[in-house]
Each structure stands twice: as structure tokens, then as C-alpha cells.
Amino acid sequence: MTDTKEAAGDYRSSRHNPHQIEPKWQRRWEETQSNAVDLFDHDRPKYYFLTMYPYPSGNLHVGHWWAVAPADAAARFLRMSGYNVFFPMGFDAFGLPAENAAIQAAREGSSDIHPAHLTYERMDHMRRQFKQMGAIFDWSKTLATCDPEYYRWNQWFFLRMFECGLAYRKESFVNWDPVDQTVLANEQVIDGRGERSGALVEQRLMPQWHFKITDYAEELLDFSKLDWPERVKIMQTNWIGRSDGASITFKSERGDDIVVFTTRPDTLWGATFMVLAPEHPLVDKLTTPDRRDAVDAYVKRAALASEIDRQAQGREKTGEFIGAYAVNPVNGERIPIWIADYVLMTYGTGAIMAVPYGDQRDFEFARQFGIDIIPVVRPTGVDRIVVEELREAYIGPGVMINSGPIDGTVHNGEKGRNSPAIAAAIDYLEKNGLGQGEVTYRLRDWLISRQRYWGTPIPMLYCDACGIVPETEENLPVLLPEDVEFMPTGESPLRHHEAFLNAECPHCGGTARRETDTMDTFMDSSWYWFRFLSPFKSDGPIDADLVKRWAPVDTYTGGIEHAILHLMYARFFTKVMRDLGLIDHDEPFLRLRNQGMILGEDNEKMSKSRGNVIDPDELIATYGSDTVRTYLMFLFPWDQGGPWNSQGIEGVTRFLNRTWALVTEPAANSGPTGYGDLKELRRAVHHAIREVTEDLRGFSFNTAIAELMTLLNVMVRAKSTSLVETAVWREAVESLLLLLAPIAPHITEELWERSGHEGSVHDQSWPGYDETALDTDSINMAVQVNGKLRGQITVPAGADEVEVLASAKAEHNVSRYLEGSSLVREIVVPGRLVNLVVKPNG
RNA sequence: GCCGGGAUGGCGAAAUAGGUAGACGCAACAGACUUAAAAUCUGUCGCCCCCUGGGGCAUGCGGGUUCGAGUCCCGCUCCCGGCACCA
């Protein structure tokens with residue numbers, strides 16, 4: 001204890017001291033269980049508000065605050081508005097970083113880091129940090145996905161999906177990350193590199209578990225029940241990639257069927273060659289001896305090339321003729337068969353009919369290798385098409401030519417049967433048994449296997465006698481063993497854990513080996529919001545009654561980076577649960593809002609290596625939680641994000657200090673009350689109520705705070721008058737605290753108490769506004785002459801057009817512009833402006 | 001290349017059924033209080049011209065519609081994000 005400290009304390013006594021009041025209220029709220037949610041409360045309408053749960057990285061960074069604090073304000077606002085709000089928080093606790101820490105330790109010869117211990121420690125720490133934020137999370141309903149009582153239900157779902165064929169194992173080309181030693185989903189490969197490791201991804205053929213998300217492709221394209229940002233819906237739609245077209249069966253000269261998919265069956269008569277993917281199974285069979293060496297070499301080169309290399313080859317088309325020919329089913333033309341890496345085995349059938357006239361890639365290929373081009377669509381206004389003069393493929397609308405039975409039909413540029421020419425072609429194919437209309441999707445099945453330790457074990461067994469056998473439900477959970485030794489190579493320790501590996505076959509009782517792959521962690525996040533409702537339920541994954549009452553989630557918030565992955569898997573999983581009879585709704589999250597990203601002060605993504613990371617703990621130590629929360633919400637629009645600015649926080653500190661002083665300091669009460677002051681103050685209060693209510697409803701936190709600052713400024717000016725004795729003043733103070741409560745929960749609670757109120761400010765009803773209080777006696781209007789602002793007038797609120805015009809014309813500056821001119825038009829926008837249109841005389 | 005989103009003072013930003021551009025805040029400048037500083041309070045603050053009153057120009061660039069355009073239409077430039085040989 002020192003004198004200076006005392007003095008500082010005295011000096012600051014009239015200032016807001018967050019370090020004193022914030023811990024005080026956090027303690028009080030915990031003691032009184034004020035954040036406890038009664039999920040069985042029927043009296044109020046329910047509201048399930050969810051924000052994406054974090055990975056337990058060890059510390060809340062400012063991005064967590066940026067994502068969560070405004071969501072908390074929105075949830076608090078809804079609670080005051082009369083809803084029973086459930087706003088839970090938990091941890092996405094499985095995943096690579098914790099395991100990598102253990103592997104790193106193993107490399108350094110130490111073995112005292114275990115992902116489980118590390119993860120639980122970090123979760124404890126982050127839970128304490130969340131409490132400092134003052135969020136209304138009910139911590140009695142939380143979950144961690146690495147808890148066996150959570151992941152056993154992942155396994156349970158897997159078994160259900162295996163039973164109905166939605167989970168299956170197949171050997172397929174997968175993205176192998178050589179650094180993380182695991183397979184990655186397509187979604188985790190960015191520009192040919194592993195999303196996490198940044199390593200160049202290799203193509204490997206491995207047996208892997210998949211979920212049949214493609215069965216739901218069509219339903220996933222339906223967003224009609226969702227209030228979601230347009231761009232998220234567009235991103236998912238593009239990812240699913242629906243293509244409307246036809247599949248057509250060509251025959252090789254030997255008689256093999258070669259099925260192709262095309263969106264332009266109308267151009268079939270213009271097919272002058274065929275291309276197979278290098279991996280296509282028919283390549284080997286059809287290649288002629290004289291082409292064998294060249295084809296083999298090309299196939300080998302294509303297999304070795306990673307995705308990024310294929311792209312790096314640029315626009316130049318490569319390929320090899322395989323010596324064989326196919327027959328165009330509609331006209332009997334003999335066309336050469338090529339292989340080329342621009343045709344992908346993973347899309348469509350891995351084979352295409354090539355129409356150089358109507359497809360840019362085919363055009364480039366044909367030009368590269370001197371293959372014929374047959375024009376099949378004549379654009380309007382063009383009489384003659386000179387093939388030699390074509391610079392690029394023609395993909396626009398026109399009349400079909402050189403196309404036998406569909407000659408003269410019109411391709412209007414639309415997709416599928418919406419184009420008469422395409423419809424005619426499909427009709428022709430179907431009538432003659434050569435093909436049929438078909439829809440394909442870019443979306444592929446969800447690759448769920450991960451060759452990692454720190455995840456949910458896939459509950460499957462390999463029995464020498466019975467083959468692939470599912471674990472029985474009674475044996476769940478298949479526990480992840482803790483006594484494992486991490487390999488410096490990064491290989492999963494499960495592969496060497498005898499006690500885990502050896503199991504009894506549930507079918508024959510013989511010996512079986514356990515699957516050592518674990519599940520993609522997106523499995524965990526595909527149903528976690530159901531589990532929040534009953535985290536300790538031991539006889540099933542979800543509580544059907546509570547789910548019926550609370551699901552789906554009313555508002556979900558989180559980063560745009562999950563626009564495709566997590567959000568699409570969650571939608572898929574919800575539909576699967578519905579089809580398994582577990583729930584009866586179709587969509588998990590009715591309303592979605594994405595926050596933008598908060599960047600470092602240098603306008604770059606925050607990262608340790610750049611040294612631009614903002615530490616929220618330091619900010620709180622200096623300013624307190626309320627200031628940090630409020631500043632984050634004030635800084636820029638939440639859905640936009642932007643760079644952190646360490647200067648601006650002072651403005652919010654001042655705002656909260658001024659609010660503190662307004663409520664705690666005695667009024668000067670000396671000045672006179674001006675005429676209309678009372679009404680003006682009341683107008684400002686009700687205007688603020690209206691604006692803040694609308695802003696919080698629409699997640700416009702920055703403008704809500706600006707409005708509160710405006711109200712405070714009005715009140716500070718009013719405080720020096722005798723207004724403070726009035727009921728209007730008391731209403732103003734109460735309203736200010738209520739409107740600010742969701743944003744800055746601690747200071748408002750303290751001031752609510754200090755201003756003599758019983759109970760918590762957070763248990764109060766959200767204020768409503770009085771429309772009539774917004775009326776004014778007189779209105780300011782702008783006066784324009786020929787659209788240019790020339791003056792201002794003040795007119796009585798009820799003034800009619802004649803009065804307004806008279807007043808406008810009399811305005812001294814305006815009248816100057818009217819002299820010597822004749823008035824040709826008068827425009828009055830009530831309450832806004834007058835525009836006088838004049839023409840010079842003569 | 002295709003699909004989204006964006007561009008407003010020195011800075012973060014407000015304002016769209018077309019109607020007074022720059023609310024709110026930061027920074028800056030000037031002043032008050034103070035022995036001084038901090039804090040606080042008051043004032044100024046888009047650019048340019050001018051004598052108070054005013055005037056001209058301004059929402060990325062160029063056109064258009066309109067009495068009136070940050071807002072609507074056409075054509076560009078740049079920035080950010082997603083997808084990327086998807087047949």
C-alpha cells in the first residue's frame with residue numbers, strides 16, 4: 001500500500017473501475033446462477049442462439065472475442081426481449097494441433113505431453129477466460145468432443161449409417177498429406193496443398209470410409225427454409241455443382257461401351273473425337289500396340305503429377321491418341337479416342353465426347369492436335385461459318401446445323417431441357433436407346449477416415465473369417481487408449497497398440513483387428529448443438545423431447561470460413577438424422593450470420609510471425625471487459641471486419657466513463673430548464689430505444705453504440721438543468737442502462753444497483769418506445785433551387801404544402817435565386833425538403 | 001477465366017421504397033482548468049475561393065435516367081473473398 005496508489009484511487013473514485021466491478025459481478029452472477037437456463041421453462045418462447053464452438057487452442061485470442069462478444073450481446077438482447085434464450089458453449093476438442101504437440105515432444109525425446117491432458121488443461125483455461133468476457137453461457141450445459149461420452153455417439157451414428165448404407169468403405173484416390181501423414185478431404189486441399197500443413201498433396205489409392213452425402217445433393221441445393229447470407233448459399237450451390245445434361249453411350253470399334261456425360265447433348269453431331277481420363281479403366285484395354293509406349297508414358301506422368309503440377313502446366317493441352325476409335329451413336333462417324341489430363345476420372349464418367357466447335361477446352365485440344373471441327377450451332381445473323389477462321393469455341397445460342405434429326409432446332413443458351421435443342425437431342429437419344437437425360441454433381445462423397453490418433457475411433461473390425469464387421473452397440477464406446485506412444489514420424493500410435501488392435505469378432509467370436517483410422521473432426525461438429533441440450537444423457541445421443549422443443553437452432557453465428565465444410569456437413573447430418581427417424585425437421589440452423597475477420601493493425605491477418613497479434617488479456621488488464629466488448633462492437637460493422645486500431649479504444653473508455661459519471665455524480669441542477677427541453681429529452685430517449693432495438697435485431701452493433709453515444713451527449717447537456725428532478729430524466733437514465741446492458745453487462749449492472757434499483761438489470765424487460773414521443777413541434781426542411789441547396793426553413797409540424805412553399809420562397813437566400821426567373825415546378829417532400837425549379841426569364 | 005462482395009474526410013465509419021452526404025468515434029488544431037502534466041470540459045475540423053452573408057467542387061473513373069443520384073441504369077478501373085480444365 002502506497003500513498004500514490006491511494007491518491008490514484010481517490011482520484012479515480014468518480015470513474016468507472018472495471019477491475020473492481022467486473023470480478024464482483026462475475027462472482028455474483030455465478031453465485032446466483034443467473035445464467036442458468038431452464039430448458040423446461042414453457043412460460044416464455046424459446047430461442048436457441050448458437051455461436052460456433054472453438055478448438056481449444058489454449059488462449060482466447062481477440063478473434064474469439066470478436067466472434068463471441070457481439071453474439072453474446074445479441075443473445076442478451078433477446079433474453080431481455082422476453083425469450084428463454086439458450087446460448088451454450090463447448091469445445092471442438094479433437095484435432096491435429098494437440099496431437100502434433102505430442103509428436104513434436106516425441107521428436108524431442110520427451111513423452112510428457114498427451115493430447116488429452118493438454119486439451120483438458122486448455123479448455124479449463126479458456127473457460128475461465130470466457131467467464132471474464134461476461135458472456136451468459138450456462139456452463140452446466142457444456143461439452144467437449146474428446147469426451148468418450150460425446151464421441152461414443154459419433155460411433156453410434158456411424159453404425160446407424162453403416163446399417164443403411166450411408167457409411168461405406170471403398171478404395172479410392174485420396175489426397176495424402178505427407179507432412180501430417182494423413183488423408184485429407186477435398187475441402188481441406190487448397191491450391192494443391194494441405195490446408196493445415198501447407199505440404200504438396202499426393203494422390204494415393206487407399207481404402208477409406210466415406211459418407212454418402214451425394215445422396216442428398218439435390219436436397220442440399222434447397223435453401224428455401226433458410227435465412228442465410230446469399231454468398232454462403234451461392235458458395236454451397238457452386239460446391240455441389242449441379243449439371244443438367246445427358247449421358248450417352250458410345251461404342252469402341254471392339255464393342256466396349258464408353259459412357260460419357262455432357263451438358264450439351266445437342267452438339268453430339270459435332271463430336272470429332274473422344275477423350276478418356278488417363279486413369280480410365282478402358283485405356284489399357286483399348287490402346288493399340290503401336291501406341292502403347294506413348295500412352296503408358298503419358299499415364300505414368302499424369303499419375304505422378306500432383307494437382308498443382310497439372311495446373312502449373314498452364315493452358316497448353318496435352319494428350320495421346322490411343323490408336324482406337326469409337327463410333328458416334330447418332331451418325332456412325334468413326335472418331336479417334338485420346339487420353340488427356342484435362343479429363344478427370346473423378347467427375348462424370350471420366351470420359352467425354354469432344355466437340356471442339358462448342359467447347360473451349362476441346363477447341364484448344366483440336367487445334368493443338370489438328371483434329372476436325374464441325375460447326376453445329378449457327379448464331380443469328382451469321383450465314384457462313386469458316387472453320388479455319390474460328391478463334392475460339394462458340395458457346396452461345398443459335399440454330400442447330402449439321403445435326404441430322406435436330407437440325408433447325410434452337411439452342412437458346414439455357415440449361416437442360418430449357419433449351420429446345422437440348423430437349424430435342426435428349427428426346428432423340430431416349431427414343432433410340434442411345435442415352436438419357438441425367439444430372440451429375442461436382443460434390444463427392446464425404447471422406448471420413450483420418451490416419452490420426454486424436455479423434456473418434458471408427459467402430460469397425462476386420463475379421464479373417466467374416467470380413468468387415470461393425471462393432472456392436474453394447475461395446476460402445478470404442479475407447480481411444482491413453483497409454484500410447486507417439487511416433488516421431490507422426491504415424492498414428494493406434495497402429496502399434498496391441499490391446500487396441502486385437503478384438504473379438506462380434507459375429508463369429510474369432511480374432512479380429514480393429515480399424516485404426518479415426519473420424520474427421522467435422523463429424524463431431526455435425527450434431528453438437530443437439531448434444532448441448534442433454535450433454536449427460538447416457539442412453540442415447542439426443543433427448544427427443546428437448547430436441548423437439550428447442551431445435552432447430554434459431555440463430556447461428558460464426559466465421560465465413562465454414563461456409564462450405566462445416567455448414568454443409570451439418571445440413572447433411574441433420575437430414576440423415578431425420579431419415580433415421582431421430583428428429584422431424586430438415587435444417588439445423590434457420591438463421592445464419594457471419595462475422596467478418598478482424599485483422600492486425602497493419603491490415604494483415606494476425607499471426608505470431610507477423611507480430612501483429614492483439615492479446616485480449618492485456619486489453620482487459622488495461623481497460624476491462626466491458627470496454628473491450630463495446631469497442632469491438634463499435635469498431636466496424638460486424639459482418640465486415642477490418643484492422644484493429646489501438647487508438648480508438650480511448651473513445652469507448654470515455655463513453656463508459658461519461659456514462660458512469662452521469663449516473664453516479666450529483667447533478668449540478670443549477671441551470672434553467674429551457675422551453676421544450678423536457679420534450680426534447682424524451683424524444684431523444686425514445687428515438688434511441690427505437691434505433692438500438694432495430695440495430696441489435698439486425699446485428700448492427702456499431703450503429704447501436706453510436707446511437708447510445710448520441711443519447712448520452714444529449715443527457716450530459718440536460719444534466720445541468722433542473723430536468724434531473726423529473727420523471728423524464730429518470731426514464732432516460734433507466735433506458736440508457738437497459739439499452740447498454742447487452743453490450744456492456746458489468747458497468748450497467750453496477751449502475752443499475754447504484755441508481756437504486758432492485759434486481760439485475762439483465763432480468764429487466766427490454767424497453768418499448770412511444771411513437772408519439774418521437775413527434776416534434778417544428779420541422780427543419782431544406783430548400784433547393786434547381787436541385788441545389790440554397791437555404792433552410794423551420795415550419796410547424798402540421799404545416800401544409802402551401803405554408804411550406806410560402807416559407808421556402810420567403811427564405812432570404814432562396815428569394816435571391818427566384819428573382820428574374822419564372823417558377824416552372826414546385827416539389828415538396830413532406831418533412832424533408834422543397835425543390836423549386838426555375839427558368840431564367842426571356 | 002467464372003461467381004460473389006466492396007471503393008464515401010487524415011482514419012474507422014453513418015446515410016439506400018432516390019430527397020439537407022459525412023451521424024457516432026479516433027486523430028489533429030485552438031482555448032478553459034492546472035505551478036505543470038495527465039484527466040476533464042468548450043470550440044474548429046471534406047477540399048477550394050471569398051469581406052460577415054455566401055459561392056464552387058466533392059461518395060473509385062466515364063456516361064445516362066430524374067426536379068433531385070452515394071443510392072437506379074450502361075461501360076470501365078482497382079481491391080477483397082470463393083471456385084478454378086467439372087465435360
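Leaving aside its neighbours within four places in sequence, with which residues is Arg264 in contact? In this predicted model, the residues in question are Met353, Val377, Ile395, His411 and Ile422. Arg264 belongs to the loop that runs between strand S9 (257-262) and strand S10 (273-276). The relative accessible area of Arg264 is 13%, and because buried means under 20%, Arg264 counts as buried.

S10 pairs with strand S13 (residues 351-354) in the antiparallel sense, over 4 bridges. Within that pairing, Phe273 has Ala354 of S13 as its bridge partner. S10 is also joined to strand S12 (residues 334-339), and here the two strands run parallel, with 3 bridges between them. Val275 stands opposite Trp338 of S12, and Met274 has Ile337 of S12 as its bridge partner.

Strand S12 itself is largely enclosed by the rest of the structure, because 5 of its 6 residues are buried. S12 pairs with strand S11 (residues 320-327) as well, in the antiparallel sense and over 5 bridges. In this pairing Ala326 stands opposite Ile335 of S12. S11 and S12 form a hairpin with 6 residues between them. In the turn of this hairpin, Gly332 has a positive phi of about 70°.

**An open sheet of four strands**

Elsewhere in the description, 4 strands form an open sheet in the order S4-S3-S7-S18, with antiparallel pairing. Strand S4 (182-184) and strand S18 (446-447) stand at the edges with a single partner strand each, so one side of each has no neighbour in the sheet. Strand S7 (residues 202-211) pairs with S18 over 2 bridges in the antiparallel sense. Phe211 stands opposite Trp446 in S18. Helix H6 (residues 148-163) lies across strand S3 (167-177) and S7, and runs at about 90° to S7.

**The surroundings of RNA strand B**

RNA strand B is surrounded by 51 residues, of which the closest are Thr263, Arg361, Leu635, Arg654 and Gln792. Of the atoms of RNA strand B that come within 4 Å of the protein, 65% belong to sugar and phosphate. The residues of this surface divide into 22 nonpolar, 16 polar and 13 charged. Helix H22 (residues 701-718) contributes the largest share, namely 6 residues.

| Residue | Part of RNA strand B | Distance |
|---|---|---|
| Thr262 (polar side-chain atom) | sugar or linking oxygen | 3.1 Å |
| Asn713 (side-chain N or O atom) | phosphate oxygen | 3.2 Å |
| Arg790 (side-chain N or O atom) | phosphate oxygen | 3.1 Å |

For Thr262, the partner is a sugar or linking oxygen.

Conventions
Residues are numbered from 1 along each chain as its sequence is written. Chains are lettered from A and ligands numbered from 1 in the order in which they are written. This is a predicted model: local features need pLDDT of at least 70, side-chain atom pairs count only at pLDDT 80 or more; totals for chains, interfaces and linings use all residues. Side-chain values use heavy atoms; hydrogens and water are left out. Buried means under 20% relative accessible area, exposed over 50%, partly exposed in between (1.4 Å probe, protein chains only). Contact means heavy atoms within 4.5 Å. A residue is near a molecule or strand if one of its heavy atoms lies within 4 Å of it. A polar contact is a pair of N or O atoms within 3.5 Å; within protein, one must be able to donate a hydrogen and the other to accept it, and residues adjacent in sequence count only if both atoms are side-chain atoms. Ala, Val, Leu, Ile, Met, Phe, Trp, Tyr, Cys and Pro count as nonpolar, Asp, Glu, Lys and Arg as charged, and the others, Gly among them, as polar. Two strands pair if DSSP finds at least two bridges between them. Axes are lines fitted to C-alpha atoms, for helices over the stretch in contact, and angles run from 0 to 180 degrees between N-to-C directions.
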